[in-house]
Amino acid sequence: AQVPYLFPFSGAEFLRTPVKPGVFNIRASYIEETEQLVERITADLKLSKIAILMQDDSFGESVKSGLNGALLKRNLKIYAQARIQRNSLEVAEAIKTLQRTQPEAVFFVGTYKQLAAAIKQAKALNFKTRFISVSFIGSERLIAVAGRDADGVYISQVVPSPNDASCALVQAYKEDMQGTDVDHASLEGYIGARVFIEALRKAGAEPTREAFIDALEHLDM
């Protein structure tokens, strides 16, 4: 129907490769996020035994693929893995499975409530490891649920800090939010709205779907 799909809250590769006309992404892909995380884990933290705890679904598989590729580039491989069901908080057996292999870091793929439950279970078992996650987790939501247990969790971000006053975009965002709560996900939505508005302006006073899509395809801002 030629309806444009704007700024999905997903880094899934099928939305990017091959390029799909009418799909417009702003956020980085999971492959790009995992590449940056693995670089930091291996270069800065000097860790190599990296396991994955993932939802048993397409989201989990998408991030696992990115992790596997980033590790292979460094002559490493996924050290161990365990799966949990989508949205399930039953994580105890998965954590016990990973504990037996003693990974230095656990790459987590799921929701913030699941990660909070996994961290709590790991602490109960005295399983000392670092938890790593892509931005989809929502750092503010994780902190709200996990509290101090969230200390030491590494999370990549695909937008600037919503509190970075040195960034002009963030300054405009905070002014437009008029004192309401700010976070990374909200800032990402704001960026999408700004891009949408700019494309609409460039589509002319009487925009058509074709003109709007053309404006998006040629937008440079």
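Which residues have the most contacts inside the largest nonpolar core? I found Leu53, Ile95, Leu98, Val106, Leu115, Phe131 and Leu142, in a core of 23 residues. A nonpolar core here is a set of buried Ala, Val, Leu, Ile, Met, Phe, Trp, Tyr and Cys residues joined through side-chain atoms within 4.5 Å.

**Ground rules.** I am working with a predicted model, where local features need pLDDT of at least 70 and side-chain atom pairs count only at pLDDT 80 or more, while totals for chains, interfaces and linings use all residues. Residues are numbered from 1 along each chain as its sequence is written, and side-chain values use heavy atoms, with hydrogens and water left out.

**The chain.** I noted eight helices and seven strands; these are DSSP runs numbered from the N terminus, helices being H or I with at least four residues and strands E with at least two. The C-alpha atoms fill a box of roughly 65 × 40 × 35 Å along the principal axes. Of the 221 residues, 43% are buried (under 20% relative accessible area with a 1.4 Å probe, protein chains only; exposed is over 50%, partly exposed in between).

H4 gives the most, with five residues. A second, separate core of 20 residues includes Ile41, Ile50, Leu71 and Ala105. I kept a general reminder beside this: in soluble globular proteins, nonpolar side chains tend to be buried together.

Leaving aside neighbours within four places in sequence, Ile95 is in contact (heavy atoms within 4.5 Å) with Leu53, Ala118, Gln121, Ala122, Leu125, Phe127 and Phe131.

Val91 sits in the loop between E4 and H3. Is Val91 buried or exposed? It counts as buried, because its relative accessibility is 4%. Beyond four places in sequence, Val91 touches Ile84, Gln114, Ala117, Ala118 and Gln121.

Ile50 is in strand E3 and, at 0% relative accessibility, counts as buried. Among the residues that Ile50 touches, up to four places in sequence not counted, I listed Ile41, Leu67, Leu71, Tyr79 and Ala105.

**Two helix pairs.** I then looked at H1 (residues 30–44) and H2 (residues 58–72), whose axes come within 8 Å and cross at roughly 45°. That makes H1 oblique to H2. For the record, axes are lines fitted to C-alpha atoms over the stretch in contact, with angles from 0 to 180 degrees between N-to-C directions; under 35 degrees is roughly parallel, over 145 roughly antiparallel, 65 to 115 roughly perpendicular and the rest oblique. Tyr30, Ile31, Thr34, Glu35 and Val38 in H1 meet H2 residues including Phe59, Val63 and Leu67. The contact divides into eight nonpolar, three polar and one charged (Ala, Val, Leu, Ile, Met, Phe, Trp, Tyr, Cys and Pro are nonpolar, Asp, Glu, Lys and Arg charged, the others, Gly among them, polar).

My last stop was H7 (residues 184–202) with H8 (residues 209–217), packed at about 120° with axes 8 Å apart, and therefore oblique to each other.
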